[in-house]
Structure formats: C-alpha cells, structure tokens
Amino acid sequence: MKTTPNKIFASSTGISILLVVVVVVVVTASFWAFREIETAAEARKHTFISINRANILLSELKDAETGQRGYTLTGDEAFLEPYLSVRDNVNRHLKQLRQPDLSSAAQKHLDALMPLIDGKIAELTKVIELRRNNKMNAALEIVSSKEGKQLMDSIRAEMHSFIQIQEVALTQDEAKFQSNMLRLFTIIVSATVFTLLFAFWFAYLIYQQTQQRLKNIVHLETRHLLEIQQETNKQLASAKSAAEK
C-alpha cells in the first residue's frame, strides 16, 4: 500500500499538533512543580530557622540564670552580660518565632511561654537588684526558694514541646520537597522520552518520504525506458516489413 504525500502531510500535521499540546502541558506542569518546590523549600527554611531560634533563646535563658547566680555570689558585673542580652532581646526572639504559617499547636506553646519568660526575667532582675543594694540574704533567699528553677523547668518543657512540633513540621516539609523534586524529575524524563520518540518518528517520516520519492523516480524512469523500447520495437517491425516487400 502506497503512502501518498497527502497522507504523510496529514500525519505530520496531526503529530505536530500533538507535540504542541504536549509541550504546553509539560511547560505548565513544570512551572507548577517549580512553584511547589519553591514553596516547600521556603517552608523548610522557615521551620529550620524557627527551631534554631528556639534553641538559641533557651540557651540564652540558661546562660542568664547561670550569670545571675555568679553575680549574686561574686558581685562581678561581667556575669550579667548574658542576663542583659536576653532581657533586651527576648521580645525580638519571641516575635521572630511567631511565623505566619505556624501551626495552632506550636502557637499554643508560644502563648504559654510568654508569661513564663516574663516571670523568669522578673525573677532574675529582682535578685540582681537586691544584690546591687547589698541585700545579699534576701537575694540568696529568692535563689534558694526554687521559684526560678520551677520557672526555668516550665520554660524548658514548653520550649521542647514547641521544638518537637517544629521538627515534625520540618520532616513534613522535607517529604513534600522531595516529592515535588521527584514529580519534576518525572516530568523532565517523560518530556525527554517523548521528544526522542518524536525525533525518531520524524526521522522515519523523512526516510519514508525519501524512499517513496526514489520509488517514484525509478517508476518514471522504468516507464520511460519501456516507452522507448516499445517505440524501438515498432520501428524495427516497420523496417522488417518494408524489407520483406
């Protein structure tokens, strides 16, 4: 069965339309996948920063408590540097922890932390002021009352719960990021395979057209030679007939 130029043209046009549709779909899917990857990466970044800030705040509070005790015992103002740092920056730390995409569970622990931290800062400040006013016994009495330790234990518990929630969120963000990366990889591989198949099909179409043209040329040449042969035979027959007469 011969493949006519019209059939080849129609087939080529159909495949070209299909290719355009596939390209549009691939570009759209790739753009969506890139957006999802960007969103997941940004969420992962924010969650990681939140965990890091929570650990820093907890560490600074511990250092402030240690510095308070050192100052109470020695009167050396150098021990107060951690206390002054956390006192001046605690509100900024808490504000930075309140990300817009924070879960309600994590938000609940932050809400519980605020009065505890305020109480701890107030307790540290009170002891330091008593020590500055040379009221050593009163300062030591507050330290030995375990009020500060109880506040610190509560702060530590709430902060650890907050960090655990954020670590779970970080794991989910990482899983989402990896899933979107895999989806994008699948899109790219699929598009590559389709492009290769189209390239092979196009090469085969060109080969088929070339073969058909060669066949047509051979057919025309053969027909032309047959016509010449027939004309030669007629002339020979006419010459033979004339000679016999």
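Q: Which residues is Arg44 in contact with, leaving aside its neighbours within four places in sequence?
A: This is a predicted model. Arg44 lies in helix H1. Leaving aside neighbours within four places in sequence, its contacts are Leu170, Asp173, Glu174 and Phe177.

Q: What distance separates the C-alpha atoms of Arg44 and Glu174?
A: Glu174 is one of the residues in contact with Arg44. Along the chain the two are 130 residues apart. Their C-alpha atoms are separated by 6.5 Å.

Q: Is Arg44 buried, partly exposed or exposed?
A: Buried means under 20% relative accessible area, and exposed means over 50%. Arg44 has a relative accessible area of 25%. That value falls in between, so Arg44 is partly exposed.

Q: What pattern does the chain follow, read along the sequence?
A: The chain has 5 helices and 0 strands. Read along the sequence, the pattern is α-α-α-α-α.

Q: How are H2 and H3 oriented, roughly parallel or roughly antiparallel?
A: Two packed helices are described by the angle between their axes and the distance between the axes. The axes of H2 (residues 81–97) and H3 (residues 104–132) come within 11 Å. They cross at roughly 170°. Angles over 145 degrees count as roughly antiparallel, so H2 and H3 are roughly antiparallel.

Q: How many nonpolar residues are in the contact of H2 with H3?
A: H2 contributes Tyr83, Val86, Arg87, Val90, Leu94 and Leu97. H3 contributes Leu110, Met114, Ile117, Ile121, Leu124, Thr125 and Ile128. By class, 1 residue is polar and 1 is charged, and the nonpolar count is 11.

Q: Which residues does Met159 touch, not counting residues up to four places away in sequence?
A: Leu57, Leu61, Leu97, Ile117, Ile155, Met159 and Phe162 touch the most other members of the largest nonpolar core. Not counting residues up to four places away in sequence, Met159 touches Ala54, Leu57, Leu58 and Leu113.

Q: Is Leu124 buried or exposed?
A: Leu124 lies in helix H3. Not counting residues up to four places away in sequence, Leu124 touches Ala64, Glu65, Gln68 and Tyr83. At 0% relative accessibility, Leu124 is buried.

Q: How many residues apart in sequence are the parts tied together by Lys120 and Glu65?
A: Side chains of opposite charge can pair when their charged atoms come close. Lys120 and Glu65 meet in a salt bridge at 2.7 Å, N to O. Both residues are buried. Lys120 lies in helix H3 and Glu65 in helix H1, so the parts tied together are 55 residues apart.

Q: What separates Glu123 and Lys120 along helix H3?
A: Glu123 forms a salt bridge with Lys120, with the closest N and O atoms 3.2 Å apart. Both are buried. They are 3 residues apart in helix H3, so the separation is about one helical turn.

Q: Which residues are linked in a network of salt bridges?
A: The structure holds 10 salt bridges. Lys120 pairs with Glu65 and also with Glu123. The linked residues are Glu65, Arg69, Lys120 and Glu123.

Q: Where does Glu77, the salt-bridge partner of Arg132, lie?
A: The side chains of Arg132 and Glu77 meet at 3.4 Å, N to O. Arg132 is partly exposed at 39% relative accessible area, and Glu77 is partly exposed at 41%. Arg132 lies in helix H3, while Glu77 lies in the loop between H1 and H2.

Notes: Residues numbered from 1 in each chain as written. Predicted model: local features only at pLDDT ≥ 70, side-chain atom pairs only at ≥ 80, totals over all residues. Heavy atoms only, no water. Axes fitted to C-alpha atoms, helices over the stretch in contact; angles between N-to-C directions. Helix = DSSP H or I, 4+ residues; strand = E, 2+ residues; numbered from the N terminus. Parallel < 35°, antiparallel > 145°, perpendicular 65-115°, else oblique. Contact = heavy atoms within 4.5 Å. Nonpolar A, V, L, I, M, F, W, Y, C, P; charged D, E, K, R; others polar. Core = buried A, V, L, I, M, F, W, Y, C linked by side-chain atoms within 4.5 Å. Buried < 20%, exposed > 50% of the residue type's maximum accessible area, 1.4 Å probe, protein only. Salt bridge = Lys/Arg side-chain N within 4 Å of Asp/Glu carboxyl O.
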